[in-house]
Every structure is written in C-alpha cells, then in structure tokens.
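Let's take a friendly tour of a protein model. Have a look at the sequence and structure first, then read on.

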Amino acid sequence: MTPTATKTKAAPRKLEPHQTPILARDLLTPEDHRELLNQLYLARYFDVRLIKEKKRGRLRGTLYSSHNQEAVLVGSLYGLEPTDWISPIHRDMPAFFLKDAKNGWRNPERIGMSIEEVCSQVWCKVTSPGRARDNWSHIGSKAKRIIHSTSMLAGTIPVAAGVAYANRLDGGNDVVLTYNGEGSTAQGIFHEAINFAAVHKLPVVTIVENNQWAYGTPLELSSPNKDVADRAKGYSIPGLVADGQDVLDVYDKVMQAVEHARAGNGPSIVECKTFRAYGHGDHDDDRAARYRTKEDVESGRSRDPIAICKIHLVNKGYLTKAEAKKYMAENKHATQTSDEDFPPDVVSYMSKGIEFALASPPPPAEEGAMWVFREEN
Amino acid sequence: MAATLDPVTTKTNYLNALKSAIDEEMGRNPDMICLGEDIGILGGAFGVTEGLQAKYGTHRVMDMPISEAAIVGVSCGAALGGKTVMAEMQFIDFISCGFDQIVNMTATYHYRTAGEVNIPMVIRGPAGGYGGGALYHSQMNEAWFANSPGLKIVCPSTPSDAKGLMISALRDPNPVLFYEIKELYRKREIEEELNAGDDAIVPLGKARIAREGADVTLVTYGQNVWHCLEAADNLAKEGYSAEVIDIRTLVPLDEETIIASLQKTNRLVVVNEAPMTCGFAGEILARMTTKAFRYLDAPPARVTRLDTPVPWVKPLELHVLPSVEKITETALQTIRF
C-alpha cells in the first residue's frame with residue numbers, strides 16, 4: 001500500500017469480548033476483505049474465460065453466465081464452515097471451486113472442488129467429479145458436501161432438508177445452503193420443502209438469486225411478491241433481502257441466516273437482488289437483447305459487484321486507489337476484458353485448470369451404460 | 001400324532017408380514033428411518049407402521065406433511081446423508097405427486113455421480129384395484145417407473161414374499177419401489193407361517209413358480225397371482241395344467257424362470273391389472289417374443305385392464321379389470337390355438 005494513495009485509515013475495529021458485532025462483516029479482517037475481492041475476480045474470470053472459449057466453439061452445451069451475479073456466490077459462501085453443504089444450480093458454476101476457497105484455492109485438503117475438477121466437467125473429461133455424465137452444473141460431491149442438482153428447479157431444497165435431517169440425527173449442526181432463482185420460487189417443491197424444513201427447524205438456508213428474469217419471464221409474471229423473501233412469512237421464518245451486487249451485504253445477510261440455522265432456529269430465505277447480465281444461456285443472448293430493453297440492461301448492470309467491493313476496500317483503507325485501478329475487470333462486457341484486467345494469480349489458477357482439462361481424456365464410451373444400479377452394498 | 005398348536009395362531013397376514021420386516025430392519029439398522037403421512041401417531045392409514053413410532057421414536061418414524069414430493073426429496077437427501085429410508089406413500093396413487101423427485105432426482109443419483117452416491121431407499125405403498133377404491137385409490141402405476149432407469153420394482157403376492165422381499169428391499173443399496181397389494185393386507189385365506197431371521201429373506205430379481213404345469217404359462221404378479229391360480233383350477237377341470245409364475249420383482253426381471261417354463265409349456269399368457277398400453281405385461285410379451293420365440297407354439301397373449309381408469313362401482317370396476325374368467329378364456333384360446 002502506497003502511503004500517498006489514500007488517507008490513512010484506522011486499523012479494523014477489534015471487538016471487545018463484551019461487544020456484539022452489529023454486522024457479520026465487522027469480524028472480517030483486511031485480508032478477508034481482499035480475499036473477497038480476489039474471489040470476485042476469480043468468479044468473473046472463470047465466466048469471461050468460458051464465454052470466450054464458448055464463442056470459439058470449444059465447449060459443448062449451454063453456458064449460463066454468472067456475470068454480474070458473482071457477489072451472491074462469493075458473499076454467501078465465504079462465511080460457511082468447511083463441512084457445511086451447498087447445492088449450486090446452473091448459474092452458479094463458480095460455487096463449486098469457491099466453496100471453502102478461503103482455506104487456500106490450491107489446497108487439496110479443502111472441502112470444495114478444485115479448478116481442475118470443474119474445468120474437467122466443462123470440457124467433458126473423465127476427470128470431472130461426475131465423469132462428465134450430466135452437463136455443466138450438474139456435478140457435486142458427497143465428500144466435498146456439494147449436492148448434485150438436476151434441471152428441475154428448486155428440486156434440491158428437499159434433498160438439502162434431508163441431508164440436514166440426517167446430519168441432525170447424527171448429532172451434527174451443519175448448515176445446508178441451497179441456490180435458486182426467483183423463478184424457482186413458483187415451483188411446488190419450493191413450498192413443500194421449505195414448509196417441511198420450517199416445521200422441523202432444519203438448518204437449511206434458501207438463497208434466492210433474484211436476477212429479475214426467469215429465462216424470458218420477468219419477475220412480475222413469476223411472483224406476486226415484490227420481494228420474494230416475503231414468501232418466508234408464510235412459513236414463519238426469516239426472509240432477508242440482500243443487495244446482491246454488494247458482497248458484504250450478501251455476506252452479512254447470509255451469515256445472519258446461517259447463524260440462525262446453526263443455532264437450531266431453523267431455515268431462512270435470503271433474497272439477493274441482482275441482474276442477469278446476458279441471456280438465460282449463451283444460446284439466448286440475441287433474443288434476450290430483444291426481450292429486455294437496452295435501458296433496463298444498462299441499469300441492471302450499472303452496479304458491478306467488483307466495483308462496489310473496491311469502493312468498500314478503498315473506504316476502509318484496505319486497498320489504495322491506485323491498487324483499485326490496477327485490474328479493471330468491472331463494467332466490461334466479457335468479450336471486452338483481457339487477462340490484464342485480472343490479477344495474475346487469478347489467471348494462472350484458471351489457466352492451470354483448463355490445461356489439466358485439455359490434457360485429460362474423455363470418458364470411455366462404455367461408461368454410458370454403467371452405474372444405473374449399485375451392485376454391492 | 002402329537003397334538004399341535006392351533007395353526008391359526010402362528011399364521012401371519014400380508015400386512016403384519018410387512019410390518020415385521022420393517023420392524024426387524026429398524027431394529028437391526030440404527031441408521032434406518034421411516035417417513036410418511038400419518039405413519040407415526042396414527043400408525044399408518046392401513047396400520048403397516050403401527051407401534052413403530054412408540055418403539056423407535058419420533059425422530060426415526062416421522063409424520064410428514066401432505067407433501068409427497070418432499071417426502072421423496074427429503075428421503076433422498078437423508079439417504080445422501082447416510083441413512084436408509086423407508087418412505088410411505090399413503091396410497092401408491094399419490095406417488096404421482098412425487099414423480100420428479102423419484103425419476104429425476106432419486107433414480108438417477110447413482111448414474112449421474114458415476115457411482116459415488118447410492119440411495120438406499122424404499123418407497124412403498126398400498127396399490128391395486130378390485131376394492132372399490134375408484135380412480136385414485138386403485139392404481140397400479142408401476143410401468144411409469146419401470147420406464148425410469150435406476151429404480152427396482154417389487155410387488156409381492158404372499159405374506160412370506162411380502163416380508164422376505166421387504167427385507168431385501170430395505171437392504172438394497174438402490175431405490176426400490178415396493179407395491180403392496182392392499183386387498184391382500186388382511187386376507188385370511190392367504191395367511192401363512194413365516195420364516196424367522198435370514199431364512200425369511202427373499203432375494204430381489206427371482207421369480208416364484210406358484211403352481212407347476214405343462215400346457216400354458218401364466219406370468220403375473222400381485223393380486224393377479226391369486227386370479228391366475230383360480231384360473232388354473234378352471235383349466236384343470238378342462239384337462240389342462242397351467243404353470244403360474246409370480247415374477248415378484250419387475251426390475252430386475254427374472255427372465256430365465258419364464259423362458260425355462262416356456263420351454264416346457266410353449267404357451268404364454270401374461271396377466272396384469274395395469275392398463276394395457278405400455279403396461280408391464282407388454283414388456284414381458286416383448287421380451288419373451290424376442291428371447292423365447294422358438295419355444296412358442298401359439299401367439300403370446302395378455303390379459304390386462306382395459307385402457308381406462310379404474311371406475312368406482314363394482315360392475316364397472318370388474319368390467320375393466322382382468323377377471324378369472326377372462327384369464328381362463330384367454331388361456332384356453334392360447335392352448336387351443
């Protein structure tokens with residue numbers, strides 16, 4: 001930090017034992033704050049790199065970009081215990097490697113996926129955790145405590161409740177975080193599962209990434225609630241609304257729900273208000289440009305989570321203005337970014353994952369008929 | 001001959017056979033739990049789980065909200081979390097409310113994780129017609145699930161098979177759909193003495209020859225086994241001996257036992273109370289037509305429900321379901337072809 005770049009800030013507030021923090025972020029260190037920014041860069045870089053690879057025709061299937069929604073993932077995952085469970089869905093690919101990432105991105109012991117595993121999945125290689133049997137985000141790992149999703153939205157919430165219930169029977173209090181879009185809140189299983197979790201006060205936190213669009217359907221045609229978190233009232237559980245562009249606000253609200261859950265008080269819904277940067281999937285980019293107005297898209301993307309995080313860090317004195325300007329990934333379309341817009345460590349982490357995937361073989365064809373049933377106990 | 005105990009006191013009905021299997025497995029496997037509507041306080045709509053909550057606690061025998069999809073999804077999650085789960089559908093008809101969680105979430109879990117995860121889970125419930133249950137309490141909808149890879153499907157017709165197959169299902173590492181025939185639950189005529197311990201186990205995927213015969217093979221399962229046995233009596237009066245095969249497990253299907261029978265009888269009639277089109281009877285016919293064609297001396301036939309729902313009042317219901325008369329008549333046509 002260059003002393004001239006910004007006025008000297010006080011050291012982070014240290015709470016005395018008798019003091020109760022007002023916000024979860026108050027207990028984060030400067031290193032934590034900088035790590036949050038780095039993870040935002042990482043999530044963004046993963047996405048823009050894949051968008052570019054996809055445009056070059058190097059990837060199969062549909063890419064559901066998480067561009068502009070990274071703060072929801074980074075902010076919600078950062079405060080979890082390594083042994084907590086998550087269930088990401090299609091727009092949450094970075095969650096697989098961000099889980100427990102604060103214990104070291106490259107740490108093989110951490111309870112999250114390596115970038116090599118995630119890239120192997122994207123490139124359809126046998127080294128994918130699911131040996132590339134189902135596409136893109138439909139991976140998971142019992143060992144890494146990531147529930148495998150299907151394409152049926154909200155479908156992992158009851159599974160999350162079941163995992164939480166089994167864990168409670170075993171004497172644990174692991175929290176299970178499920179990811180859903182605002183469109184998922186209209187599913188019957190959303191109701192059934194949260195109702196059940198609320199009856200039994202299970203530690204299930206339902207994140208609703210409200211990006212305003214369920215494929216081609218706007219929020220007002222999916223939900224009568226302006227805040228979909230209001231659905232929580234029907235279950236007598238907390239319904240929190242977070243600014244999904246602000247990683248610290250997401251962190252605060254999710255931690256509030258997580259601590260509530262871990263203390264045995266039951267589930268919560270945390271709505272993170274955000275905006276989908278592109279089409280539903282990359283196949284939808286052109287049409288999305290027509291069914292959404294240019295003004296709405298510009299307005300929805302005007303609050304880039306990386307830029308907002310930088311403002312926090314500069315204001316707190318954890319980053320100089322000069323440092324903040326060094327890597328300018330924010331406020332750019334994916335195709336406008338270059339590797340120079342990201343910290344070298346972020347670029348090398350992802351590049352290593354891609355290299356590993358490219359060097360790995362595809363699964364042998366005969367595996368298509370395998371693992372329908374488990375033969376032995 | 002020495003005096004024996006009154007045999008009635010040692011015989012068990014189909015329902016109690018199921019209960020004893022679940023009870024024994026709950027006792028044997030501390031990681032097993034039961035979920036379902038009204039299974040705890042009430043003991044189940046039919047009483048299959050009566051007494052289990054008092055014995056094993058509310059945390060292991062749990063009353064669920066009227067949420068079949070959540071029952072299945074939560075069971076799947078609990079299995080992912082290391083439990084063995086018995087999930088009850090109050091009527092098997094209600095299973096349609098949990099369809100997605102069964103066929104997309106649970107059935108595919110092992111497949112899509114390349115074997116990392118397996119889901120030891122039994123979804124069981126009362127099934128079948130002939131009882132005046134009308135459209136939504138009479139279904140045999142097993143074909144929906146036979147068409148969904150990753151699910152085993154079981155349907156016993158006797159108390160000893162009910163117990164033996166339930167034990168196997170609860171010890172199987174895969175999701176198993178268990179069709180219980182509610183008309184057989186308390187049927188006195190079929191009560192029988194049950195084996196204890198491991199001798200009670202009936203493996204999945206093995207058919208049972210319910211009656212030996214030489215002139216025609218009647219392949220069936222569930223309640224229709226008893227109809228076929230009656231039809232076999234009728235055929236005997238006509239001078240023909242029918243072999244009755246109770247497949248007991250639909251998935252996996254014991255094809256060998258059926259083929260071996262056809263080598264002997266050369267004639268096949270499949271009987272099943274589900275609707276005809278894309279029903280499991282059609283699957284058996286298709287497989288035997290391709291795999292045992294050389295043994296067949298007559299076109300194989302099937303007796304199924306008409307392609308209708310199951311109506312309420314008795315004359316209508318019996319009109320659409322397979323009857324002893326229809327089975328007898330079809331078998332005679334096949335024999336005399």
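Below is a short briefing, grouped by topic.

This is a predicted model, in which local features need pLDDT of at least 70, side-chain atom pairs count only at pLDDT 80 or more, and totals for chains, interfaces and linings use all residues. Residues are numbered from 1 along each chain as its sequence is written, chains are lettered from A and ligands numbered from 1 in the order in which they are written, and side-chain values use heavy atoms, leaving out hydrogens and water.

**Where the two chains meet**
- Chain B brings 43 residues to the contact and chain A brings 40 residues; contact here means heavy atoms within 4.5 Å.
- Together they bury about 3,400 Å², with 63% of that coming from carbon and sulfur atoms; buried area is the accessible area (1.4 Å probe) that two parts lose on being put together, summed over both.
- On the chain B side, B:Leu80, B:Tyr111 and B:Arg112 supply 19% of the area buried against chain A, more than any other three residues.

**The two domains of chain B**
- Chain B splits into domain 1 (11-200) and domain 2 (208-335), with bounds from an automatic or database domain assignment.
- Taken over C-alpha atoms, the centres of these two domains of chain B are 26 Å apart.
- In chain B, 28 residues of domain 1 touch 31 residues of domain 2.
- About 2,300 Å² is buried between domain 1 and domain 2 of chain B, 60% of it on carbon and sulfur atoms.
- B:Tyr130, B:Met140 and B:Ser157 supply 30% of the area that domain 1 of chain B buries against domain 2 of chain B, more than any other three residues.

**A helix pair in chain A**
- Helices α5 (residues 156-169) and α6 (residues 188-199) of chain A have axes that come within 8 Å and cross at roughly 20°. Axes are lines fitted to C-alpha atoms, for helices over the stretch in contact, and angles run from 0 to 180 degrees between N-to-C directions; helices (H or I, at least four residues) and strands (E, at least two) are DSSP runs, numbered from the N terminus.
- α5(A) and α6(A) are therefore roughly parallel to each other, a label for angles under 35 degrees.
- From α5(A), A:Ile157, A:Pro158 and A:Ala161 meet residues of α6(A), including A:Phe190 and A:Ala193.

**Two backbone details**
- The peptide bond from B:Val251 to B:Pro252 is cis, with omega near 0°, and B:Pro252 lies in the loop between β10 (249-251) and α10 (255-265) of chain B.
- A:Arg131 is not a glycine, yet has a positive phi of about 50°; A:Arg131 sits in the loop between α4 (115-122) and α5 of chain A.

Key. Parallel < 35°, antiparallel > 145°, perpendicular 65-115°, else oblique.
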